[in-house]
Amino acid sequence: MEKGIVIKSTGSWYQVKTGDGAVWQCRIVGKFRLEGIRITNPVAVGDEVEMTPENADEKQGLITGILPRKNYVARQSPRAKHDLHLLASNIDQALLVTTIVQPNLKLGFIDRFLLMTEPQNIPAIIVFNKIDVYDEDTLELAEALCGIYESIGYTALTASARTGQGVDKLRELLKDKTTLISGQSGVGKSTLVNRIQPNLALKTQELSDYSGKGLHTTTFAAMHTLDFGGAIIDTPGIKLLAFNNLQPADVAHNFREFLRSPKIADSEAVACTATNPAAPSKKP
Ligand SMILES: Nc1nc2c(ncn2[C@@H]2O[C@H](COP(=O)(O)OP(=O)(O)OP(=O)(O)O)[C@@H](O)[C@H]2O)c(=O)[nH]1
Ligand SMILES: [Mg+2]
C-alpha cells in the first residue's frame, strides 16, 4: 500500500500522485459518507489517500482509504439534492473568480460561495476579473465591492487575465499555498491560471454570444503545481449553489458581518431574537 494525493477527479477515475512523483489511475471501492451525508464524489482533489497498486506496469490502483481531511469545500450536489458534492479538500485558501459582466454578476453568488468556505474557516480571495471590458461605472462598482468584502476581512481585488492587470498580485497571494479556484462558468478561471503560469496551457473557451453563459470548458477538477511555489486546483464552473445541508442558523452564523460588526451590540442582537421567536425552520 502507498500513500498519495488526488490530483484529478473525473467522477469514476482518480489520478493519484505518489511521493516519487508517479501518477496512478485509480478507482475506489466501497461507499463513503461525509458527516453522515451521502456524497456523490467520495474522493476529492486534494485528498490524501491510501492506494493499493492493482497493476504496477499500467500504474493502475485502488483507493482503499482516505486520510483525515484538514478541511473541505462542499455544496449540495447539482444532481441529487440530498447529497453533497465535494469541490476540493485540504486547501489553504479559496480564490473565487467572478466578473461583473460577461457573464453578468449575481451578487448572491459571492455570498453563497462564502457559505462553503466560512464554515471551514478557509480564507477566501475574491477577484473581479475582466476589468478590461468594464466601463467607468462598472469599474467603480467593482472597486466598491472590493471595499465591502475587504472591510469584513476577505481579500478582494480586480484583475484582467487578458491584459495581465492584477496578475502579479495574484501570484503573490498564491505563492506557496494550495488554492482552490472556483466560480461560475465563463468568468475566466482557466484563462487567469494560464496568465499566472503560461506553461499550464489549460483549455479555455469563448462564451456563447447570445446567452452570455459559460460553456463549462473545464469539466474535471485538477490540481496543478505552480513553478513559483504552491498549487492550484482548477475546477469546472458552478451553475447553481444551493445548501440543502445547512440549517438557517448555519447560514446566519457564517456571514461574518452579522457577527463581527462592532455596530451590532450583543444586547441588540438578543433583543432581535426575543421579538422574533420561533422563526419557521425552513431550509435555506
Ligand atoms: N475580456 C476578457 N475576457 C476574458 C478574460 N478572462 C477570460 N476571458 C474570456 O472569457 C472566456 C471564458 O474563459 P475561461 O477561462 O474558459 O472560463 P472558465 O471560468 O475557466 O470557464 P469554465 O471552465 O467553463 O468554468 C474566454 O473567451 C476568455 O478568453 C479577461 O480578463 N478579459
Ligand atoms: Mg475553465
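A residue counts as near a molecule if one of its heavy atoms lies within 4 Å of it. Keep that in mind as we look around this structure, which is a predicted model.

## Around the ligand

With that cut-off, ligand 1 has 23 residues surrounding it. The closest are Asp132, Ser185, Lys189, Thr191 and Thr217. What kinds of residue make up the shell around ligand 1? Sorted by class, there are 14 polar residues, 5 charged ones and 4 nonpolar ones.

Now zoom in on some atom pairs.

| Residue | Part of the residue | Distance to an oxygen atom of ligand 1 |
|---|---|---|
| Lys130 | side chain | 3.0 Å |
| Ser185 | side chain | 2.5 Å |
| Gly237 | backbone | 2.9 Å |

How much of ligand 1 does the protein bury? On its own, ligand 1 would expose 660 Å², and the protein buries 96% of that.

## The whole protein

Let's step back. The protein has 284 residues, and 46% of them are buried. Its secondary structure includes 15 strands and 7 helices.

Helix 3 covers residues 167–174, and its buried residues are Val167, Leu170, Leu173 and Leu174. Why do these residues line one face of the helix? Seen down the axis of helix 3, the buried residues fall within an arc of 115°, so they share one face. There's a handy rule behind this kind of pattern: an α-helix has 3.6 residues a turn, so residues three or four places apart point the same way.

Turn to the other side of helix 3 and you find Asp168 and Glu172, which are exposed.

So what covers the buried residues of helix 3? The cover includes helix 4 (189–196) along with several strands, among them strand 10 (93–98), strand 13 (178–182) and strand 15 (231–234). After helix 3 comes Asp176, which has a positive phi, near 65°.

Start with Ile232, which belongs to strand 15. Is Ile232 buried or exposed? Its relative accessibility is 0%, so Ile232 counts as buried. Leaving aside neighbours within four places in sequence, Ile232 is in contact with Leu174, Thr179, Ile181, Val193, Ala222, Met223, His224 and Leu226. One of these, Leu174, is also one of the buried residues of helix 3. The C-alpha atoms of Ile232 and Thr178 are 5.6 Å apart, although the two residues are separated by 54 residues along the chain.

Next is Ser190, in helix 4. Ser190 has a relative accessible area of 7%, and since buried means under 20%, Ser190 is buried. Not counting residues up to four places away in sequence, Ser190 touches Leu202, Lys203, Thr204, Thr218 and Asp234.

Finally, look for Asn121, in the loop between helix 1 (107–117) and strand 11. Asn121 has a relative accessibility of 66%, so Asn121 counts as exposed. Its C-alpha atom is 8.5 Å from that of Asn71, a residue 50 residues apart from Asn121 along the chain.

Terms used. Residues numbered from 1 in each chain as written. Chains lettered and ligands numbered in written order. Predicted model: local features only at pLDDT ≥ 70, side-chain atom pairs only at ≥ 80, totals over all residues. Heavy atoms only, no water. Polar contact = N/O pair within 3.5 Å; in protein donor to acceptor, adjacent residues only side chain to side chain. Areas by Shrake-Rupley, 256 points an atom, 1.4 Å probe, with all protein chains shown as cover. Nonpolar A, V, L, I, M, F, W, Y, C, P; charged D, E, K, R; others polar. Helix = DSSP H or I, 4+ residues; strand = E, 2+ residues; numbered from the N terminus. Buried < 20%, exposed > 50% of the residue type's maximum accessible area, 1.4 Å probe, protein only. Arc of directions from axis to C-beta. Contact = heavy atoms within 4.5 Å.
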